[in-house]
Each structure stands twice: as structure tokens, then as C-alpha cells.
Amino acid sequence: MKSQKYLPFFSLLHREISRFFKVAAQTVLTPMINSSLYLLIFGISLGPSIHIEGGISYLAFLIPGLVMMACLNNSFQNSSSSVVGAKFGGDLEDLKSAPLTPQNLIWAYSLGALTRGLIVGSLTFLVGEIFFYVSEGHWLAVQHPLILMVFLVIGSFTFSQLGISVAFWAKTFDQLSAVSGFVLLPLIYLGGVFYSVSNLHPFWQAVSRSNPLLYLINGVREGILGTSDVQMPLAFAVALAGFLVTHALAYWSLKKGSYLRW
Amino acid sequence: MKKSQDNPPLKVQNLSKFYGSLQAVNQVTFEVQPGEVFGLLGPNGAGKTSIISTIVTLEEPTQGKIEIFGHDVQKDPLTAKSYVGWVPQEVINHGFFNICEIIKFHSGYFGKSLSEEETNQLLKRLDLYNHRHKKVKQLSGGMKRRLMIAKALCHNPKILLLDEPTAGVDIDLRKSLWDFVKELRSQGVAILLTTHYLEEAENLCDRVGFLSHGRILRIGQTSEIVTDLTEKTIELILDRELPELKNSWVQSQKGNEIHLKVPMTKGVFEGVRLAGIDLSHIKDIRVKDGDLEDAFRRVMKEGQQ
């Protein structure tokens, strides 16, 4: 029998990744089909009649937003459903009784969520590329891969940490759905996935700029298209702040919250 | 390392736990030594699970301290918890995973990488090997219990916490589990046990503590507690009817039948003689020793007064 220092963390990470792969049809395939439908309806059917400044097609504009939306949504869903499931089944009590630190839990849950987020995001991008090739006759080239990865990773971590925190304090499945449905989804949809804020009335532009999701989504748009509605240093600062705040929130939740089963 | 060698596996000192205004645990103090089975016995709601939950850090103590081999579970939880295997009262579900995966992950949480052979050996020992590819929901109640024990043992703990491990399981399984506990005791594992089966606790526990309303009412060697707190029941049938006996040990006297209750410290014939009965008149005799259940009832009754 071998004893290893980092094994507790890697065991939980392994479990987290295995968990969503066990139900890949639900956790990977369904979100991908969702994104494909968005691309088909908005990008292919309605896209030609929608004008975007800067001479890019609406389909090209839509792809980065959908990639980020898939990534953020799935990261949140993965960590929150895993924590809630663990509360429901009693696994969280197991984890608390084991020599795992709150940081072990946060990073294992977050990396598991990041893996799922990136897989679904990549598949969405792949489908988008195919639609783009069929529509435009050439592939959509990624302009700044590093910027793309930075925003995808930070965004995914932020949402997975948020998922941990919300799930830890939720007392019922309804409360979790409420946060997802009434807070996060509107923020994502109003964060410029489907439209450019430059097309909005100045008042709504100002409102949109107070939405942190706008900066994450535009960071990915800058990474893929090389153009965005916001300044990159500001977008990076907002993304980093979001990551730090949600990390602190997740840490506090794991330190102070209850691990007892529902 | 020195800390580990010099200190008892488990030391609970003045532990108190409040849930709001409700006091679940009240100034509880006890130790468990290597190779010892310590039974924490009490009615439902006595605070047994609260104490165990505090040991595994699921709950924070309101007051007091818990040390595992000298490591405070609040200040040094990682080291302290690495020694502990815990069988909770309620079965844990584990959703999508089968027995092999559950054991692999659980041992990993404790920093132990089990080989396939070691995993199989453990599963065979607990009669789970043939079910190793099943998920928890596909197991019977007894198998689920055995899985909980396999999980608790997969990292070779020095302390085993068994929170009513045989609740709702059949006689055969209970017997095999207790045999297993005895084997672990012989290997030097310190075992803290809660159970409602007092007969089994009497056979298994080296020491017991009676808990009521969060307070330990009595603690000591199981045999000493039984001896101190219970009496022998002696039922005599004599060859003649005796005049009425004036002795406090006589419980009833009807014709040639006499029932005595004598202290456990007294021998049967000594007790009969001291009750004023000539041994030569005895035609038949039945003796029942006091047991842990009698002692438990007495302590609980006195605790309520």
C-alpha cells in the first residue's frame, strides 16, 4: 500500500471527472445539442439578416458567445450538482471525515467542472466551425489562442466556485434552480452572447457594462475573432476579480457551511 | 511521531455540544486505548452520534477537546483524521459508482493507493467480492453495511468508529461483523462502538459508558459494571415449605418456591445460606446472572431520578 501526499486531492478530482463521464449523454451531449440548435436557428437561419459592426458575419459573432455560455453553464452545473448530489447521498459527510482540506475540495470540484466546461465549450466551437465552413466556405481562425484560454479557464473556475458556494448553502433543489434560472441565466443572456452592446441604446449599454459576464464573454470573443466590445485589460481585471471573489466565497462556504446530509 | 506513540488513540475531554439552546453533549470525557473496544451506550437522542460526528469534524464542539494520538481534531484535523475509519449510522449512496470505484476513491482520500489485490482481499473478507461491480443501490441492506465497513477499513485505520453498524441487519451478519471487530481488536485497533444490542455490547466491549441526555452517567470495565450494578436471580424449589424468611434478598416465597436476588459478588450457595436457607433442603435450583442490560436499566432509572 502506497501513501502519497497529493493523492487525496487527485482521488477527488478523478471522482469528479468520472462522475460526469458516467452520464456523458446528459452532461456533454445534451449541452452540445443545445448549442448546435442555437447556432442553427440564430446563426444560420436568422444570421444573414442581422448586421454586426466591423464586417463580421453574425454566425462568427455568435460562436464565441455560445462557446463561453456553454463553458460557464456547464461549469456551474457540474460543481453545483455534484455538491448537491453529495449532500443528498451523504458523500459530503464522507469527504468531511477524510483528511481533505477546503482548498483540496475547491480545486478538485473546480477542475472537474473546468474539464466538463472545456469539453462542452470545445464541442460547441467544433460544431460552430462546421456551420461556419458550410456557410462561409472557410474555417474560422482563432486570432488569440492565449487570450481565449485565459478567459475560458478563469470564467469556468469562477462559475464552478460559484456553483460550489450556491450548492453548499442551498437547502433544497428549488433554491439551486432559482439561482441558476433567475440570476445566472439572465446575466449570461444579457452579457452579449447574442448581440453587441454597441448596438444598444446608451442607457442599456451602461446597464450591460455593469454585468461582469459581458467582460468574460467579450474576452472569448477577442480570443476567437480579435474584436470585442470591451477593453481587454479591463476585461481581464473583471475576470480576475470575479475569480478571487468566488474563490473566497467558496472557501468561506466550505469552512462555515454544513456538510451534513439533507 | 513521538506524539502518536505517547498518547491514547482517542481522548475526549470535557466535550459539550449545543444545538441552539439544546445541549446534546454535556461534559463528556473518556479515552479509548489500542486494542480496546469501548461501547458508548444510551437511548436514542442520548448524544452518541453527536460525539462521533464531533470526532470526525462533521460537528464543531461547543466546548472541550478531542485528541487522536495527541493531535487535536480542531487544530490539526488532517493528521488526526488520517488515523480514523468511520462507519456512519446511515448508508452513503455514492450515486454512479460501483464498489471497486468507491473503495479506490475512499482510500485515495486518505492518501492510500490500494492495489487491485489489496482491494480484492478486503472485499473478499467482507463477502463483497462477487458484488464488486455493483452500485450501492443494487446492494442489499447487509451488503451496504459491509461496504460502509470496507470503506472505513480501506486505509488501515488505527481507530474505528462504529455508529450502530448492525442496526437493521440480520443475526448472521451481526455475528460475522462482531467477529471481524474482535479480529481488529486483536490487531491493536482502538474501537469506539455505539449499539442498541446490549447483549452483544457485553460480549464485545472491554469498557462501556452509559450516556443519557448527553451526559455519561457511568463508565468503567464492562464486567465490573455488571458486577457492581446487578444481582444474581436464584429460583429455588425446596423439599418442604419453610416459615416466612426475614431477609431483604428474598423477593418472593410461595409454598416451597423461593426467589432470591443476591449481589453478583456472592456465590450462589453462599447467597442461599446467607438468606437463611439450609442447602440440604434444595430440590431444584435455577440461577440467572445479572447482565449489562440490567445494569443499563438501573443506571438509566437512577439517572432520571
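Reader: Where is Gln27(B) placed?
Author: Gln27(B) is in strand S2 (residues 22–32) of chain B; strands (E, at least two residues) and helices (H or I, at least four) are DSSP runs, numbered from the N terminus. The model is predicted: local features need pLDDT of at least 70, side-chain atom pairs count only at pLDDT 80 or more, and totals for chains, interfaces and linings use all residues. Residues are numbered from 1 along each chain as its sequence is written, chains are lettered from A and ligands numbered from 1 in the order in which they are written, and side-chain values use heavy atoms, with hydrogens and water left out.

Reader: What is the phi of Gln27(B) near?
Author: The phi of Gln27(B) is near 50°, a positive value in a residue other than glycine. Gln27(B) is partly exposed, with a relative accessible area of 38%; buried means under 20%, exposed over 50%, and partly exposed in between (1.4 Å probe, protein chains only).

Reader: And Glu164(B), is that buried or exposed?
Author: Glu164(B) counts as buried, at 8% relative accessibility. Glu164(B) lies in the loop between S8 and H7 of chain B, and has a positive phi of about 45° although it is not a glycine.

Reader: Changing topic, how many residues of H6(B) are buried?
Author: In H6(B), 11 of the 13 residues are buried, so the helix is largely enclosed by the rest of the structure. Among the buried ones are Gly142(B), Met143(B) and Leu153(B).

Reader: What do they pack against?
Author: The partners of the buried residues of H6(B) include helix H4 (91–97) of chain A and strand S6 (84–87) of chain B; contact means heavy atoms within 4.5 Å.
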